Amino acid sequence: MERQCGVSLDLFLHVSLFPSMCIVAALSFLHHREKTQPFEERFPYLRGRFGFVVPLDFIGSMSNRWSYGVAFGAVAPSVLQLFSESYTPFPVPNWAKAFVYLIGAVEVGVAYMPFFACLSTPHRALGGVLGLLYTLAWLIVRLWDVITCPGGEVLGDYEMLILQWPCFLCLGFLMGRFIYMVVKDVRIRLHLQNEQVEEEKLVQAHQFRYVQTLLRRPTERLVEKSWLRRKVYDWDPYFKFPNRMIGTSVISLIGLYMMTLVDYSVSHHVFSSLASLTDSLEEMTHSMNETDNLFFTLLPHLEEFTLVTWNAWFATTLFASLTSVTYIFHVLACYRKHMKRLWAGEKSFLPQRFHKPSSAVSVAAITRYAGWQIAFTMWGYLIVHFVQFLFALLFAYLVVLPIRNGGFLPWFSHLVILLLTIFIVVSLVVLQILLVRIFFLQDKLSPEDPEKPLALNNRKAFHNFNYFFFFYNVIMGLSNCVLRLLNSCIVGTWLVSRIDRTIMQRGYESMDPGYCTWIGMIMADHHHSNPVMVCFCHLLLKHALERQRANAYSQFDNADCPVGGRVRVRWLLFYTLLKNPKLILLRKRQSPIPQDPLAIARVMTSMVKVT
């Protein structure tokens, strides 16, 4: 981001720390703490002040989800700068760079904290005004940076605008959101709008509806779904993604867009330089003796290689971007699918060792997930792009160039020979299965059985069959071993950004840190946001509060009792004496304190007869 023209955004990031801390301090002053310290008694006005400011609830909050997601989009450029490890506040030795990266991450977090704190504060007027001013300052600085230095070498005069327009859109949306907060608070204060208390609830409306569907009898008739819901995405009205998942997806999409443009710019510069080098070599070869020049024979191949790699790289850029975008939305779909399975008590899709993960590991996974998912998406794009580029080169040199240079028929004849060899190998493998099914398995126990039983027949013939195919399968083992290794490498590199799926073999899932983070995160969310458990806790707390607030005599407090006041008073007296038997001996109507221990019982019996 540092350029000679325009404002240094790194410098403004340093300068914005002071107003950011002032905004957070002002919001913290308005927050009251439940517990106070003894020394605060000396300052009555400051007692309970300066509470914790929570910028964002990553676990249970479902309010303002898209506003928080847009705020993450405004932070995306700085997050990508941290991802590239190009942001270092001050130079240090190589061994201390990890600490500098930590300091830089904390600095970026403090600089952008007002975006989230002003959205989450219950003081809408102050939060809206401070958030509006702070967002406007960042928007002006970024606009000035683009206006003073708009152009680039690849994308033309509007290169910076093309790169930064998602950030401008997010900042503009945040300004509109803060203006709406201020206007709403003013209308409430002027009694032009009824105040709706937006308190953080333990249970959400969609969780109530989900539990209600579990208690209903399932309908016999299937619901007809549209083509979009059947083929593309089937939304669920009883499920909402938390702020963490939405913010991570927004940053991943914006980061993927910017990385694609940077990839295009860098590759354009590299291949242009390679083309210039090829032209220079061509001029050199023409000025030299052609018979003694080795470069003259290699020059056509170099030009062909440059052209093929250029076209292959730019063609796979689009496919790699589409693949990464598909992964981002697919991870969201897998999150919903896994959470609903856990809510139903189904853990069969998890490895056995992950059924009861450590509590500390699960909570820490919530902290790690967002950053790791963004990094996996960015690095996954580069890795998938390179893999697709290699496949494009293979396709060009094995299909396109042979057909263009030698014709279709010679290439097709070689392809037929190759396919015939593969067909024979596959046919021999299938033949073994057919022979075993026909000759070496016993008949079905019942005609309705789909398969024959796992019981051998013609054992002597099977032993001979096994002996002779043993030597052939040794030869087949080499090709299958190589094929297994290739499949593992291709699938592993292709799915490297899929943090919801492990790329390790069964039994070695714990060696995949990304997958461990995913499992810990969904288990923590399952324990904190299971609708059945949350609704049960809500009802339990509700009834507990009602019992605490209820008076012991509330059942007699009805002034409109139809029985009459005398009976009501006697019932109150009886309830009081029943709870406090010693008061019976202190009543004025009673004789002096009796010595008989059964006096209390006789008095209570007489009271019951009177009533």
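This is a predicted model: local features need pLDDT of at least 70, side-chain atom pairs count only at pLDDT 80 or more; totals for chains, interfaces and linings use all residues.

**A walk through the chain**

Asparagine 458 sits in the loop between α12 and α13. Its backbone has something for you to look at as well: the phi angle of asparagine 458 is near 55 degrees, which is a positive value in a residue other than glycine.

Now follow the chain out of that loop in both directions. On one side is helix α12, residues 408–439, and on the other is helix α13, residues 459–494. Their axes come within 12 Å and cross at roughly 155 degrees. An angle over 145 degrees counts as roughly antiparallel, so that is how α12 lies relative to α13. The crossing of these two helices, α12 and α13, is left-handed. Which residues make the contact? From α12 come Val425, Leu428, Val429, Gln432, Leu435 and Val436, while α13 brings Phe465, Phe469, Tyr472, Asn473 and Met476. Sort the residues in this contact of α12 with α13 by class and you get 9 nonpolar, 2 polar and no charged ones.

Next, jump back toward the start of the chain and find another pair. Helix α4 covers residues 97–120 and helix α5 covers residues 124–148. The axes of α4 and α5 come within 9 Å and cross at roughly 140 degrees. Since an angle has to be over 145 degrees to count as roughly antiparallel, α4 and α5 are oblique to each other instead. Their crossing, that of α4 and α5, is left-handed. On the α4 side, the contact is made by Ala111, Tyr112, Pro114, Phe115 and Cys118; on the α5 side, look for Gly127, Leu130, Gly131, Tyr134, Thr135, Trp138 and Arg142. The contact of α4 with α5 divides into 8 nonpolar, 3 polar and 1 charged residue.

Take histidine 528, which is found in helix α14, residues 513–529. How far is its C-alpha atom from that of isoleucine 59? Leaving out residues up to four places away in sequence, histidine 528 touches Ile59, Met533 and Val534. Histidine 528 itself is partly exposed, with a relative accessible area of 48%.

Valine 361 gives you a second example. You'll find valine 361 in helix α11, residues 359–406. Valine 361 and methionine 521 are 160 residues apart in sequence, with 8.8 Å between their C-alpha atoms. At 40% relative accessibility, valine 361 counts as partly exposed.

Finally, zoom out to the whole chain. What is it built from? There are 17 helices and 0 strands. Of the 611 residues, 33% count as buried. The chain exposes about 39500 Å², and carbon and sulfur atoms supply 67% of that area.

Technical notes:
Residues are numbered from 1 along each chain as its sequence is written. Side-chain values use heavy atoms; hydrogens and water are left out. Axes are lines fitted to C-alpha atoms, for helices over the stretch in contact, and angles run from 0 to 180 degrees between N-to-C directions. Helices (H or I, at least four residues) and strands (E, at least two) are DSSP runs, numbered from the N terminus. Angles under 35 degrees count as roughly parallel, over 145 as roughly antiparallel, 65 to 115 as roughly perpendicular and the rest as oblique. A crossing is left-handed if the near helix is turned anticlockwise from the far one by less than a right angle, and right-handed if clockwise. Contact means heavy atoms within 4.5 Å. Ala, Val, Leu, Ile, Met, Phe, Trp, Tyr, Cys and Pro count as nonpolar, Asp, Glu, Lys and Arg as charged, and the others, Gly among them, as polar. Buried means under 20% relative accessible area, exposed over 50%, partly exposed in between (1.4 Å probe, protein chains only). Accessible areas come from the Shrake-Rupley method with a 1.4 Å probe; for residues, only the protein chains shown count as cover.
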